[in-house]
Amino acid sequence: LQERGFIVVKGIMAVTSTKHLRRKGIAVLKLEHRLEALRIGCEDANEPEEWLMPEARGVAYGSSTQMIKKLGRELRGQHTNARIFSVMGAETAHRFPNERLNGDTIIVGRKGSDMQLEQTLKRLGNPTSVELVETLKGDSHSSTKLRNSLITQDSEQTAQLCSQKVKQYLLTNLHHLFEIN
């Protein structure tokens, strides 16, 4: 984004609503473990220090767009004219364009989804509030792959999907990570 003239002040990683995850019918990591793994990951990625921060209040909202609408003024803080972008993967943008692409948005491409996304954006009239970011290099990273690597206790796959410190935390707490249905 900085190459496109934006000054990036802060990044916020909000944890997904537990209710939303339960509705998907997937194995759900307990909230405290999702928050701690997110905190460790943000701390690990911080350059400059503290530019990327975890946000626990994400659980209260169905989407980043809803969270931005409710917390926007507070999130902007001293940067009153700042634009707050919702960041999402290409699959989410393609599946829920009317709900998710109604504000400043950054879409991160993922191998195999670029063509669908182009069609969706064209159908929406190529909104100017949307910034596209290159497809991530390497193997696709996804919460599904990480969750599956934890369920199958595949430490090599887990190591490919997150930082060493996050991997260590998750594997150390493996037997307490998931909610019991």
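Helices (H or I, at least four residues) and strands (E, at least two) are DSSP runs, numbered from the N terminus. The model is predicted, so local features need pLDDT of at least 70 and side-chain atom pairs count only at pLDDT 80 or more, while totals for chains, interfaces and linings use all residues. Residues are numbered from 1 along each chain as its sequence is written, and side-chain values use heavy atoms, with hydrogens and water left out.

**First stop: helix H7 and what follows**

Select residues 143-151, which form helix H7, and then move on to Gln153, which follows H7 and has a positive phi, near 55°. Going back into the helix, colour Leu146, Arg147, Ser149 and Leu150, which are buried, where buried means under 20% relative accessible area, exposed over 50% and partly exposed in between (1.4 Å probe, protein chains only). These four lie on the same side of H7 because they cover an arc of only 160° around the axis, the arc being that of the directions from the helix axis to the C-beta atoms.

**Second stop: the nonpolar cores**

A nonpolar core is a set of buried Ala, Val, Leu, Ile, Met, Phe, Trp, Tyr and Cys residues joined through side-chain atoms within 4.5 Å. The largest one has 13 residues, and those with the most contacts inside it are Leu29, Leu146, Leu150, Val166, Leu170 and Leu177. Helix H2 (31-45), H7 and H9 are the elements that give two or more residues to this core, and H9 gives the most, with three residues. Now centre the view on Leu170, which touches Leu29, Ala37, Leu146, Leu150, Cys162 and Leu177 when residues up to four places away in sequence are not counted.

Show the sulfur atoms of Cys42 and Cys162. A search of the whole structure finds zero disulfides, a disulfide being a pair of cysteine sulfur atoms within 2.5 Å. The sulfur of Cys162 is 13 Å from the closest cysteine sulfur, in Cys42, which is too far for a bond. Cys42 is buried, with a relative accessible area of 2%, and Cys162 also counts as buried, at 18% relative accessibility.

Strands S3, S4 and S5 form, in the order S3-S4-S5, an open sheet with parallel pairing, and two strands pair if DSSP finds at least two bridges between them. The edge strands are S3 and strand S5 (130-133), each of which pairs on one side only. Four bridges join S3 to strand S4 (residues 105-108); along this pair, Val87 has Ile106 as its bridge partner, and Gly89 stands opposite Val108. Strand S3 (residues 86-89) has a covered face, Ser86 and Met88, and an uncovered one, Val87 and Gly89.

**Last stop: Val15**

Val15 is buried, with a relative accessible area of 7%, and, not counting residues up to four places away in sequence, Val15 touches Leu31, Arg34, Leu35, Leu38, Glu55, Ala56, Gly58 and Val59. To finish, select Tyr61 as well: the C-alpha atoms of Val15 and Tyr61 are separated by 9.6 Å, although the two are 46 residues apart along the chain.

How values were computed
Contact = heavy atoms within 4.5 Å.
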